[in-house]
Amino acid sequence: MHGQAIEKNNMLHLTVNGKRYALEQGSRSDQVAPEHTLAYTLRETLGLTGTKVSCDEGACGACTVIMDGKTILSCMTLTIECDGNSITTIEGLSDPTTKKLDPLQQAFIDHTAFQCGFCTPGMIMSAKALLRENPAPTEEEVKEALAGNFCRCISHYHVVKAVMAASVKSR
Amino acid sequence: MRPFTHYDAHAVEEALTLLKRYNGRAVLNAGGTDLLSALKGEYLLHYPEAIINIKTIPDLAYIREDGDMLRIGALARLSDVVNSPLLRKRYNALAEAAYSVATPQVRNMATLGGNLCQDIRCWYYRYPRHIGGPIGCLRKGNKACLAATGDNRYHAIMGGKGCFAVCPSDTAVALAALNGRIKIVGTRGERSVPVTDFFHPLGNELKRGEMVREIEVPRITGMVRQTFLKFTLRRPVDFAIVSVASVIAVPRGRCREARIALGAVGPAPVRATAAEEWLKGKPISEATAAEAATAALTGARPLRMNSYKVEIAKTLIKRALTS
């Protein structure tokens, strides 16, 4: 048998938006408990409230973040299982020194690609992951990539336009 | 979520030892997309004491052909199944079935093993605590099935026995048409069962302390046409109302072999053996496809609200055969 089946009591290491965090495991407000989701840790422990929680059961995509290059649902992920992982949230897209918005964020503003805005961080993270892998997607590919992000204000038409505008084809 | 003890297993043996130690009070976690619903909704009668993360087990996410067998490790992500050049080329029904699951984010998290082991979607069974659940039912070890007399529009039209929930796994349907088997491992050794036998009316083939290790599919050779079709109300997110996977060989215009599996119609994927036999030696046309569809659904016994599923199943079979 490899390794020891011991309960974890060591530190948890996360990289969020390029910043490294070492979090203790425990039940204090600055610690991570086994039952904490990544969405909870980002919002409540690290104060990164840009990531939203809507359905809290993996259906709506509002809590989407990028982990090691792939979009995941932070509400359905246990923080304790993210040790050593690198996470990008909506707060990590703007330039850290100039604070200039990511071109994708600017495109959402330019196209008014939101109404209430609650689903927008998740929409942008899904679109960002797509553009990183495929900088010149077709409209169909944009729709596929955003198939897991629900908007109850019906902002989708503007969202697709914004993502297309932010792709390299339009530059 | 309520507190639990958490472990990272670094080997299959370690996961099995922990399962044994907890004797039914621990559950395995792979992608987590189904398990976390259960933990948040508290719709089961017992909350697990421990969660055993198996994502930390190395080398269990492979997709490879090995002699005359395709082998997929239980931890292969659905997105890996979708994007595998090997699967897209030779086992396309499985790649398409994986692609039909949920959303891009869920496919990046969920594993093939987890997709096969996921819990049923019956709305009585999954009624969450925060709105008055959990509801006891036959599957939870007490009382009768509420869907049998209640709202059963999404329940079984064949094979239901006591519980009328359907198998929610899309990949299971493709694997059933591909003659796939599921390799199960426990502290007492390994065994393998056909995918169609893995699902039982009240649960699945896994006994206490066992886990799925691998999915095997006999190597596909020669010219075969594979299809996976899924009927849902919305294209993303929704579970199948009915799905069909087909693997057919039609050399020189006559059907040599047809394998047709129906999904979301019963507790397990159902192979339409009568239709498969009937098609042998016949040309594939609108007429023969319609006959095969009728033959496939002769055994259907719909409940009060779901006879519409019979018609959808027939239509999907016709489309799958003639596509």
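Chain B of this predicted model folds into 12 helices and 14 strands; here helices (H or I, at least four residues) and strands (E, at least two) are DSSP runs numbered from the N terminus. With a radius of gyration of 20 Å, close to the 20 Å that the globule rule gives for 323 residues, chain B is as compact as a globular protein of that length. That radius is taken over C-alpha atoms, and the rule is 2.2 Å times the number of residues to the power 0.38.

**How to read the numbering**
- Residues count from 1 along each chain as its sequence is written, and chains are lettered from A and ligands numbered from 1 in the order in which they are written.
- Local features need pLDDT of at least 70 and side-chain atom pairs count only at pLDDT 80 or more, while totals for chains, interfaces and linings use all residues.

**Overall form**
- The C-alpha trace of chain B spans about 60 × 50 × 35 Å along its principal axes.

**Meeting chain A**
- In chain B, 29 residues are in contact with 28 residues of chain A (contact means C-beta atoms, placed from the backbone, within 7 Å).
- On this side of chain B, α6(B) gives the most, with 5 residues.

**Two domains**
- Chain B is divided into domain 1 (63-117 + 171-218) and domain 2 (225-322), with bounds from an automatic or database domain assignment.
- Their C-alpha centres lie 21 Å apart.
- Domain 1 of chain B and domain 2 of chain B each bring 18 residues to their contact.
- On the domain 1 side, α8(B) provides the largest share, 5 residues.

Conventions. Contact = placed C-beta atoms within 7 Å.
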